[in-house]
Structures are given as structure tokens and as C-alpha cells.
Amino acid sequence: MTHLLQQLPVRKASAAANMADDSLLLELCRPGTLWLRFYGWTSPAFSFGVFQALGWVRTRIPEEASDAVLVRRPTGGGLVDHRGDWTYTLVVPAGHFLAEGPATETYRQVHAALAETLAALAAPAALAPCAKACGLPAVAAQAPAVCFERPETHDVLASADGRKLAGAALRRTRAGLLLQGSVAAHLLPGVAVSDFEAGFRARLALLAGAETGDAAWPFAEDDPRRRAEVARFADPAWTARR
């Protein structure tokens, strides 16, 4: 089967709408097509993992960001500050090897492509080592914390000082795999976002064995299905489910 990596038009939306878009893309994905999107936020926002406790999350929000929106993602992972990051989503349909293999391996491969992209843009980066293999304290069993405070295995780190440059969170369903990623743009002052997006897209296509193209959104902003998903992610009951 010939695979296509289709980039969707940029949408800058509310926190709930961004999560709704990703959730609906996963639901609608079909064999043969991977979707990639880069997006922005209409107001300061923090997203946190589906398994994290809201009470704990609130204790980790900086005082100067107390009015930021908190949204629970459909994926796992830790608390992420989206005030100025570069945010992207990759949706892979069931049947593609990136959706079928171990989640840790998919995480490693996507982040390797991201690290290669940054290195080509004069921002050398490497993947965080496996804690078990390197005799480091195990963190896999710990509750997800603040994403950019503690590198996990296969996160992207700056080669110069070891600071975390990128992390991601995943969700797998019968339809496929959803990967939501964040890049610490403030640590990459010499990298243009347009160059990063173009380079990352090319390397993801190479990784996926896919041709690249641009696609229209499979649903409109006023689609009833999208409205329903936005309402779900904006519902205080969803936010406070843990």
C-alpha cells in the first residue's frame, strides 16, 4: 500500500478545540493516510495527561499563569505549558507499522526524526537514554509530572546542555495512533518555525515510507461532530475526572 503523509492547514484555536480536533482526527483516520498538523492557541493554556489528577496539576501552574486555561488531553504524559511552544499532532492509521509496534519504539522513531530535523538546522539534539539500560533511576512507574522538568526515555535533549527540547504523549485505539507533541521553542532562538515544520515533515515522511501532500480538513470548524467534541473537552466534568 502507498502511504500518504498529509499536512493539514494550520488552525489556531481554543484549548478545548485543539483537543477536539486531535480526538476527531484519530476517530476519522483511515488506512493509507497519515495526518500531520501544526497548530496554535488562542489564549494561554496548559494541557495535562488523561491520567493526571487535576488537584496536583493546579499546584504546578506558575502564579503568573494562574489565569491560563487547563485542558485534559486524550493522551497520557505530563503537564505541558503551551505559552509559546511549537505544538504538533501526528495521526497514524491502524495497520501502519508506527501504529502497530510498541509505543516506546514509535516514540523513539518520531523523536529521532525530530532530533535530526533540529540538527540540520544547527541545533544539535539527541535522545534521552533508556534509564534501565544506563543504570539511571527508573521513572516509567512514576506518575507523569511536568513534561519539560524531567526528561523521559527517548525525549529530545539539547546536545550542548541536556535541556529537554521536545516531548510527546500517545493514545492508541482500534482506528490508529494519536501522537501529540510539544517543542520548547524558547530554547531554539536560532531556528525558524517554518524551517522546522518543513524539515520535520520531510523526515516523518521518510520514516513512514510515505509521500507528502497537503490536505483539506476532513471536517469543518462548525461540523456538529466537532462541536460535540469541543463541548466534551471544555466540560468541567472531563477536566476534573481525576
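Which backbone nitrogen does the side chain of histidine 96 reach at 3.0 Å? In this predicted model, where local features need pLDDT of at least 70 and side-chain atom pairs count only at pLDDT 80 or more, totals for chains, interfaces and linings use all residues. Residues are numbered from 1 along each chain as its sequence is written, and side-chain values use heavy atoms, with hydrogens and water left out.

The backbone nitrogen is that of leucine 98, and the side chain of histidine 96 also reaches the backbone oxygen of alanine 208 at 3.0 Å; both are polar contacts (a pair of N or O atoms within 3.5 Å; within protein, one must be able to donate a hydrogen and the other to accept it, and residues adjacent in sequence count only if both atoms are side-chain atoms). Histidine 96 is located in the loop between E7 and H3, helices (H or I, at least four residues) and strands (E, at least two) being DSSP runs numbered from the N terminus. With a relative accessibility of 1%, histidine 96 counts as buried, a term that means under 20% relative accessible area, whereas exposed means over 50% and partly exposed in between (1.4 Å probe, protein chains only).

Leaving aside neighbours within four places in sequence, leucine 118 is in contact (heavy atoms within 4.5 Å) with residues including Val156, Leu165, Leu188 and Phe196.

The structure holds 10 salt bridges, each defined as a side-chain nitrogen of Lys or Arg within 4 Å of a carboxyl oxygen of Asp or Glu. In one of these, arginine 37 pairs with aspartate 22, with the closest N and O atoms 2.8 Å apart; this pair links distant parts of the chain, arginine 37 lying in strand E3 and aspartate 22 in helix H1, 15 residues apart. Arginine 37 is buried at 1% relative accessibility, and aspartate 22 is buried at 0%. Aspartate 155 forms a salt bridge with lysine 164, the closest N and O atoms being 2.7 Å apart; aspartate 155 is buried at 0% relative accessibility, and lysine 164 is buried with a relative accessible area of 6%.
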